[in-house]
Amino acid sequence: MLRKLALHPDATAAERDALLASADAAAFARGERSAARFVALAPALLLSPGVKHRDVYDAFGKKKLPGKLLRTEGGPAATDSVINDAYASTGMTYDFYAEMLARNSIDGQGMKLRSTVHSGRSPDNAFWNGTQMVFGDMTAGGPFTGSFAASLDVVAHELTHGVSQFAVPGGGLDYVDQSGALNESWSDVFGSVIKQWSHKQDVNAADWLIGAGLMKPKFGKALRSMKDPGTAWTMDDQPKDMHGYVEGGDVHTNSGIPNRAFYLAAHELGGHSWEKAGRIWYRALGLLQPQATFADAAQATAQAAAVLFGSHGAEVKAVTHAWKTVKVV
Amino acid sequence: MKLTLRKIGGVTGAAGAVTHTLDLDALPAAQRAKALARVVAARLGGQPSRLFLPHPRPWDFRYVLDVEPSHAPTGEEPGGHHLELHLDAADPPLRALVEWLEQQGSPR
């Protein structure tokens, strides 16, 4: 109901924002059933609103989480640079959501940002486990080099899985098929946008790569390219549009389509991606549901653009044009 | 019989997928028999080709299990299979097989 009122043509921009904020809060409350089990497991993850709090743990190669606490908010730097990388990257991600989107941490309620580095659970990988970040180490024979924790877009990608878990009514986008590809894509979108924000880059200066420099050169330049899906690494199978959609394909494969839609919209709008396209995509999260399709995402982003910038503005046209170009609509 | 298990997920997706391969025919007879018993117990022939959770989340890694028979199926040894699953969607014998395979050999 709140969303319908927000989308009413007579509503002012301020009224729309206020109504959508109320709708988000209500959606969060509805989603609490699915989120509650995580909070119940870790009540200490909740803080009072408006406070940034980071804890970084070391698993020392073991699988048990969270490990040993080695750096906490405001405390001295650790001797291990990976711990400091995780601290800095999660802090930058928090700052972006707070300053640019007025979101207080992952859940919008001041959730602690907990990270574990050197985890034995995820060699050559990093993931969000529902309550915290988990960073594995690179293996000698693997395709990667460096540190996932030092890669801001990777960290922002994973924390955005947490954001979408709380922002999409019903507990997040189901991580399979098109909704799963959207889940991946929204994380890539904010991974890239937050990296651009930290570098103060406009859409032309940005590389639009996810995990640039993490791969050994013989394997490729990055994990994914939002500008040119399918070209990031040697076996990159991401399609650029629906003609290449892989039925039953992995979520990291088909996410190339919505990723490119975001790139196209941001590029058409110009300037800084976080000022218009990023706001639109963030606002659209609350308009999705767990089994959302690419077509639903196209509709949600167009609706969000209309709410934020007006129904007949360049923003709606850019968003619609982008989804048409990738052949979703 | 060759078993191949691929685990895909996290931020890296296919780029960071970890693959475990086990050739049962290369194992000593006693180990081969134990491994084969695990495969038989998992009743792969009775499983759907996709065994996913109804509402998977980003931490539900996707496993792809391929069984390649070394000869025609017999009463003792099952035939070929291709199965994609989330670990929490698997029944206990299948989950045990997947978790055991994850411990076998040097992954890549």
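Predicted model: local features only at pLDDT ≥ 70, side-chain atom pairs only at ≥ 80, totals over all residues.
Let me start at the end of chain A, with Lys327(A), which sits in the segment after helix H10 (314-325) of chain A, where helices are DSSP runs of H or I with at least four residues, strands are runs of E with at least two, and both are numbered from the N terminus. Lys327(A) has a positive phi of about 65 degrees although it is not a glycine, and it counts as partly exposed because it has 16 C-beta neighbours inside 10 Å. On that scale a residue is buried if 20 or more other C-beta atoms lie within 10 Å of its own, exposed if 12 or fewer, and partly exposed in between, with the C-beta atoms placed from the backbone.

Residues are numbered from 1 along each chain as its sequence is written, and chains are lettered from A and ligands numbered from 1 in the order in which they are written.

On confidence, the model scores ipTM 0.89 and pTM 0.89. Chain B averages a pLDDT of 90, and 90% of its residues score at least 70, pLDDT being the predictor's confidence in each residue, from 0 to 100. Within chain B, the lowest confidence is in strand S2 (residues 18-23) of chain B, at a mean of 92, and the highest is in helix H2 (residues 92-102) of chain B, at 96.

Lys200(A) is placed in the loop between H5 and strand S6 (209-210) of chain A, and here the residue counts as exposed, because 8 C-beta neighbours lie inside 10 Å. There is also a cis peptide bond, from Leu65(A) to Pro66(A), with omega near 5 degrees, and Pro66(A) is found in the loop between strand S1 (54-58) and strand S2 (68-72) of chain A.

Now to chain A as a whole, which has 10 helices and 7 strands, and of whose 329 residues 54% count as buried. Among its contacts between residues at least 6 apart in sequence, 59% join residues at least 24 apart, a contact meaning that the C-beta atoms of two residues, placed from the backbone, lie within 7 Å. Chain A is divided into domain 1 (41-150) and domain 2 (172-329), with bounds that come from an automatic or database domain assignment. The C-alpha centres of these two domains of chain A lie 24 Å apart, and their contact takes 9 residues from domain 1 and 10 residues from domain 2.

How do helix H3 (residues 81-101) and helix H5 (residues 177-199) of chain A cross? Their axes come within 10 Å and cross at roughly 90 degrees, the axes being lines fitted to C-alpha atoms, for helices over the stretch in contact, with angles running from 0 to 180 degrees between N-to-C directions. H3(A) and H5(A) are therefore roughly perpendicular to each other, a term for angles of 65 to 115 degrees, where under 35 would be roughly parallel, over 145 roughly antiparallel, and the rest oblique. The contact is made by Met92(A), Thr93(A), Phe96(A) and Met100(A) of H3(A), together with Ile194(A), Trp197(A) and Ser198(A) of H5(A).

Helix H4 of chain A holds Ala156(A), which is buried, with 29 other C-beta atoms within 10 Å. Not counting residues up to four places away in sequence, Ala156(A) touches Thr93(A), Phe190(A), Gly191(A), Ile194(A) and Lys195(A). The C-alpha atoms of Ala156(A) and Ser89(A) are separated by 7.5 Å, although the two are 67 residues apart along the chain.

In helix H5 of chain A we find Ser192(A), also a buried residue, with 30 other C-beta atoms within 10 Å. Leaving aside neighbours within four places in sequence, Ser192(A) is in contact with Asp153(A), Ala206(A), Trp208(A), Ile210(A) and Met226(A).

Finally, the interface: 29 residues of chain A are in contact with 19 residues of chain B. On the side of chain A that touches chain B, strand S4 (126-128) and helix H4 (152-167) each supply at least two residues, and the largest share, 4 residues, comes from H4(A).
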